[in-house]
Amino acid sequence: MLPGEFSLLPGHFCGILLLMKSLNKPINVRRPEMMEKVQAEVAQYRSNLVESIIASGNVYHHGKLQISLAADFGFCDGVKRAIEIAYATCHMFRGKRIWLIGEIIHNPEVNARLDAMGLLHLPWNLSDERYTQLTAEDVVIMPAFGVSVQMREFLDAKGVQLVDSTCGNVVKVWHRVRNYARRGITSIIHGKVRHEESIATASHSRGDDGNGNFIVIFSEDDARCVADYIAGKGNKAEFLSRFKLSVSPGFDPDVHLQEVGVANQTTMLKDETARIQQIIRAAVVQRDGTDERCHLFDTICGATQDRQNALYDLLEKSLDAMFIVGGYNSSNTTHLAHIASLQLPTFFIKSADCLMDAQRIKCFDLATKSEQIVALPTSLAHPAMPCHIGITAGASCPDNVIEQVITRLISLRDE
Ligand code: SF4
C-alpha cells in the first residue's frame, strides 16, 4: 500500500493528506499555437443541424414530427475547456506517455475519441500499481472534476508533468470549503459521496492545517437526519453509523455540528439543494434562535442551473416524450433525466444507437441504474400521427451526438 493511499472503497476519506503544500505549477497547454491545432479536432463535436435548429428557435419539423430542443443544453464552457486541454496535451507531448486520471468528463463518445489518440488511464485508487510506474517523464492530466489534495500531492512528489483541466467552478467550491475550515466551520457537502468532485471537495474542506471537518449528504432524508441532530433529537451511535463513510476522521456530531457551512457538488439538483439548505438552517435556528452559525452558499454552477431551468421551460410544452442525451455516469445529466421523468415518458440515452427501431429503445433506468429496453411512444412510429419530442443533453454531451439522435428519430419515423 502506498503512503497516503486514496481509494473509492469504503472509508476512502480516512488517511487523506490534509495540507495543501506549495505545489508545482501545472503546465499551460492552452497556448495559441496548440489551440490552433486543436480547433479542427474539437470541431468534430459540432453539428450544423443542431446549429440550424437553434437558429430556427430550437424547433425542427419533419412532417407531423416536431422536435423541440431546450434553450440550453450540451457542452458547458468547463467541459469545452477540459476537452481542448486534453487534445492540446496530446499535441504538446507527442511521443511521451500521457495519463488521464479517470475520465476527462463523463461522456462515452468524447472519452472513446481521446482514447483513440493514445491517452493512458490512471484509476482513482492510488494503490493501483500503475502509479508506481510514474516518472518525471510522464504527463498526467487532472480531469474537469479536479482531484483530491492527497492525489495532487502524490503526483507532485512523483515529479510528473501535470496538466490541470479542473473547472473554475469546482475550484470556487474548494475556496469556499477551505474558508469554512479556516474559521472552524464544518462543511456540509451536498453531493454524491463517491463522485470524483465531492471527494476532491471533501479533501479541501480539511483546510490548510488539516483539521477541518466535513460531512457529505446526498438526500433530503440525509439532511433531515443532520437537522434532527442539530436540533438535539439525534442518537449519536445511529448518526455515526449512518454517515460512517461520509464524514471526516474523528467526526463528533456533538462538536462538529455546532457551526456549519453548506456547499454542494456543482452539478446537483438546484431545487433539492435549496430545500436542503433550508432544512439545515431551520435546525440551527431552532437550536440557537438565530442562523448566525449556519452559512449557506449555493455552489451549483451556472451551466447546471441554466440546463435545469431550460428543461423546466421545455416541459411546459405539450410533449409526447422527452429524450435526455448524455453519459449515464454524468451527474448533471442524471438530474435532467430525473426532472423530466417526474412529468412524462423520459428516455435517458447515451447515443443514437440506443434507438433500436421505431418501437423499442435501450435507455438508462434511474431506479435500477441499468439499461433497459422499453417501448417508444406509438405516435413516433406512425408518420400520419402528430408527435412532439423534447430533447436536451447534459453539460458533457457534444452536439454531434445530439444530431445523430435527431437523425435517427427522423429515419425511424420514415421507416
Ligand atoms: S458542469 Fe459546471 S462545474 Fe462541471 S465542467 Fe461544466 S461549468 Fe464546470
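Mentor: Two residues are in contact if their C-beta atoms, placed from the backbone, lie within 7 Å. With that in hand, and leaving aside neighbours within four places in sequence, histidine 295 is in contact with Tyr180, Ile185 and Gly261. Residues are numbered from 1 along each chain as its sequence is written. The model is a predicted one, in which local features need pLDDT of at least 70 and side-chain atom pairs count only at pLDDT 80 or more, whereas totals for chains, interfaces and linings use all residues.

Histidine 295 sits in strand 10, which covers residues 294–296 (helices, H or I, of at least four residues and strands, E, of at least two are DSSP runs, numbered from the N terminus). Histidine 295 counts as buried because 22 other C-beta atoms lie within 10 Å; the cut-offs are 20 or more such atoms for buried, 12 or fewer for exposed, and partly exposed in between, with C-beta atoms placed from the backbone. The C-alpha atom of histidine 295 is separated by 9.8 Å from that of isoleucine 188, although the two residues are 107 positions apart along the chain.

Asparagine 58, in the loop between helix 2 (48–55) and strand 1 (59–62), is partly exposed because it has 18 C-beta neighbours inside 10 Å. Lysine 369, in the loop between strand 13 (360–365) and strand 14 (370–375), is exposed, since 10 other C-beta atoms lie within 10 Å. Most residues other than glycine have a negative phi; yet phi is positive in asparagine 58, near 70°, and also in lysine 369, near 55°.

Turning to the whole protein chain, buried residues make up 47% of its 415 residues, and the secondary structure comes to 15 helices and 15 strands. Of the contacts with a separation of 6 or more, 75% join residues 24 or more positions apart. The C-alpha trace spans about 65 × 55 × 35 Å along its principal axes.

The domain assignment, which comes from an automatic or database source, gives domain 1 (43–76 + 303–414), domain 2 (77–167) and domain 3 (169–300). The C-alpha centres of domain 1 and domain 2 lie 30 Å apart, and 14 residues of domain 1 are in contact with ten residues of domain 2.

The ligand is surrounded by 15 residues, the closest being Cys76, Gly78, Cys167, Thr266 and Cys301, where a residue is taken as near if its C-beta atom, placed from the backbone, lies within 6 Å. Helix 3 (77–92), helix 7 (168–182) and helix 13 (302–314) are the elements that give two or more residues to this shell, and helix 3 gives the most, with three.

A word of care concerns pLDDT, the predictor's confidence in each residue from 0 to 100. The protein chain averages 92, and 95% of the residues score at least 70, but over residues 1–20 the value stays under 50, and the model has 46 contacts beyond four places in sequence for that stretch. Where pLDDT is low, the predicted coordinates should not be read in detail.
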